[in-house]
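Subject: Structure handover

Hi,

Here is the structure I promised to pass on. Please open it alongside this email.

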Amino acid sequence: MDPVNPRSTRTLQTRLSEIRSRLGAAPDGQPYLPRPKHGYSFHPDVTSDWRRFQDLATRGLADPQGGTDDLENALALPRGKPFEGRDFSWADAVQQEMISRIIDTAHTLTVRHTEGDQPDLDAAHRAALRGLEIG
């Protein structure tokens, strides 16, 4: 599925059929990778850490008073720099977006931990290091 080196339509259909078979079906009986109607998409039960990160970070950023736990939980999800050690030219823009979002979340969390009447400098330090690790 590399746009630089595309596969033939027949090969693509065969691989997708194999993937569909391996993934199986959701509890509602629908395949986890349904046949496309308007492009490919997974069944709603299929999720990712990145989607979860985005949901938590969005909710945490929207709530300056109580969203710190969501930001902490979001920042705990990445396991290293996205796509590190892989050379997927198609993923360059996605990788940069992910890294930027993770760093922004780490920065916001660091600031939140240093503000207020009782700053938590250890938590601020952990958040800052996490952002540096990803960046």
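Below is what I found, from the overall fold down to single residues.

Overall fold. Please keep in mind that this is a predicted model. The protein has 5 helices and 0 strands. Along the sequence the pattern reads α-α-α-α-α. The radius of gyration is 19 Å, while the globule rule gives 14 Å for 135 residues, so the protein is more spread out than a compact globule. The C-alpha trace spans about 65 × 35 × 20 Å along its principal axes.

Burial and contacts. Of the 135 residues, 26% are buried. Take the contacts between residues at least 6 apart in sequence: 47% of them join residues at least 24 apart.

Surface and charge. Side chains count 17 positive and 20 negative. The centres of these two sets lie 13 Å apart.

Core. In soluble globular proteins, nonpolar side chains tend to be buried together. Here, the largest nonpolar core holds 14 residues. The members that touch the most other members are Trp50, Phe53, Ala74, Leu75, Ile102 and Leu109. Four helices each supply at least two residues of this core: H2 (49–62), H3 (68–75), H4 (92–114) and H5 (121–134). The largest share, 5 residues, comes from H4.

Phe53 deserves a look of its own. Which residues does Phe53 contact, leaving aside neighbours within four places in sequence? They are Ala74, Leu75, Leu77, Pro78, Arg101, Ile102 and Thr105.

Two more residues. Asp70 sits in helix H3. Is Asp70 buried or exposed? Its relative accessible area is 15%, under the 20% cut-off, so Asp70 counts as buried. Not counting residues up to four places away in sequence, Asp70 touches Leu56, Arg59 and Gly60.

Leu129 belongs to helix H5. Its relative accessibility is 44%, which lies between the 20% and 50% limits, so Leu129 counts as partly exposed. Leu129 and Thr110 are 19 residues apart along the chain. Their C-alpha atoms are separated by 9.4 Å.

Best regards

Terms used: Residues are numbered from 1 along each chain as its sequence is written. This is a predicted model: local features need pLDDT of at least 70, side-chain atom pairs count only at pLDDT 80 or more; totals for chains, interfaces and linings use all residues. Side-chain values use heavy atoms; hydrogens and water are left out. The radius of gyration is taken over C-alpha atoms; the globule rule is 2.2 Å times the number of residues to the power 0.38. Buried means under 20% relative accessible area, exposed over 50%, partly exposed in between (1.4 Å probe, protein chains only). Contact means heavy atoms within 4.5 Å. Lys and Arg count as positive and Asp and Glu as negative; His and the chain ends are not counted. The place of a charge is taken as NZ of Lys, CZ of Arg, CG of Asp or CD of Glu. A nonpolar core is a set of buried Ala, Val, Leu, Ile, Met, Phe, Trp, Tyr and Cys residues joined through side-chain atoms within 4.5 Å.
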